[in-house]
Amino acid sequence: MIDKKEFLLQSIIKAYIEHLEPIGSTQLKSMYDITYSPATIRGYFKKLGEEGFLAQEHISSGRTPTTEALKQYWKTKLDFKLSRILIKLRVFIRSELFEP
């Protein structure tokens, strides 16, 4: 099961990719119908910022994912898809080599 912090990080990355602008806590809550309060989301934003995953240009602006956060996000997505492709490739090779 995914924890709250990871869920919110993935949500803000998705929102940023869709809109290409800083994302605020209230905006994120309404975009994905998140049940956490905006204050709770901001608390997690702060933690994620301290860990180097989110940046905030101005004190009153929304957050943007850092380059490191985006790298990890895409690496996870691409690794998953690559493993699915490799499984399909193995099945295909077996069927071609071992079936008459």
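A crossing of two helices is right-handed if the near helix is turned clockwise from the far one by less than a right angle, and left-handed if anticlockwise. I keep that at hand for this predicted model.

**Entry 1: α2 and α3**

I looked up the pair α2 (residues 25-32) and α3 (residues 38-50). Their axes come within 8 Å and cross at roughly 115 degrees. I count angles from 65 to 115 degrees as roughly perpendicular, and α2 and α3 are therefore roughly perpendicular to each other. The crossing of α2 and α3 is right-handed.

Next I listed the contacts. From α2 come S25, T26, L28 and K29. On the α3 side they meet P38, I41, R42 and F45. By class, I note four nonpolar, two polar and two charged residues in this contact.

**Entry 2: α1 and α3**

I then turned to α1 and α3. Their axes lie 10 Å apart, and the helices pack at an angle of about 85 degrees. That makes α1 roughly perpendicular to α3.

In α1 I find K4, K5, L8, L9 and I12 at the contact. Their partners in α3 are T40, I41, Y44, F45 and L48. I sort this contact of α1 with α3 into seven nonpolar, one polar and two charged residues.

**Entry 3: the largest pocket**

What volume does the largest pocket have? I read about 230 Å³. It is lined by 13 residues, and E6, L9, Q10, Q72 and T76 are the closest to its centre. Helices α1 (4-19) and α4 (67-98) each supply at least two residues of the lining. I class the lining as six nonpolar, three polar and four charged residues.

Conventions. Residues numbered from 1 in each chain as written. Predicted model: local features only at pLDDT ≥ 70, side-chain atom pairs only at ≥ 80, totals over all residues. Heavy atoms only, no water. Axes fitted to C-alpha atoms, helices over the stretch in contact; angles between N-to-C directions. Helix = DSSP H or I, 4+ residues; strand = E, 2+ residues; numbered from the N terminus. Parallel < 35°, antiparallel > 145°, perpendicular 65-115°, else oblique. Contact = heavy atoms within 4.5 Å. Nonpolar A, V, L, I, M, F, W, Y, C, P; charged D, E, K, R; others polar. 1 Å grid on protein atoms, 1.4 Å probe; cavity = no way out; pocket = protein on both sides within 12 Å on 5 of 7 lines; lining within 4 Å. Points joined across faces, edges and corners; volume = space filled by probe spheres on them.
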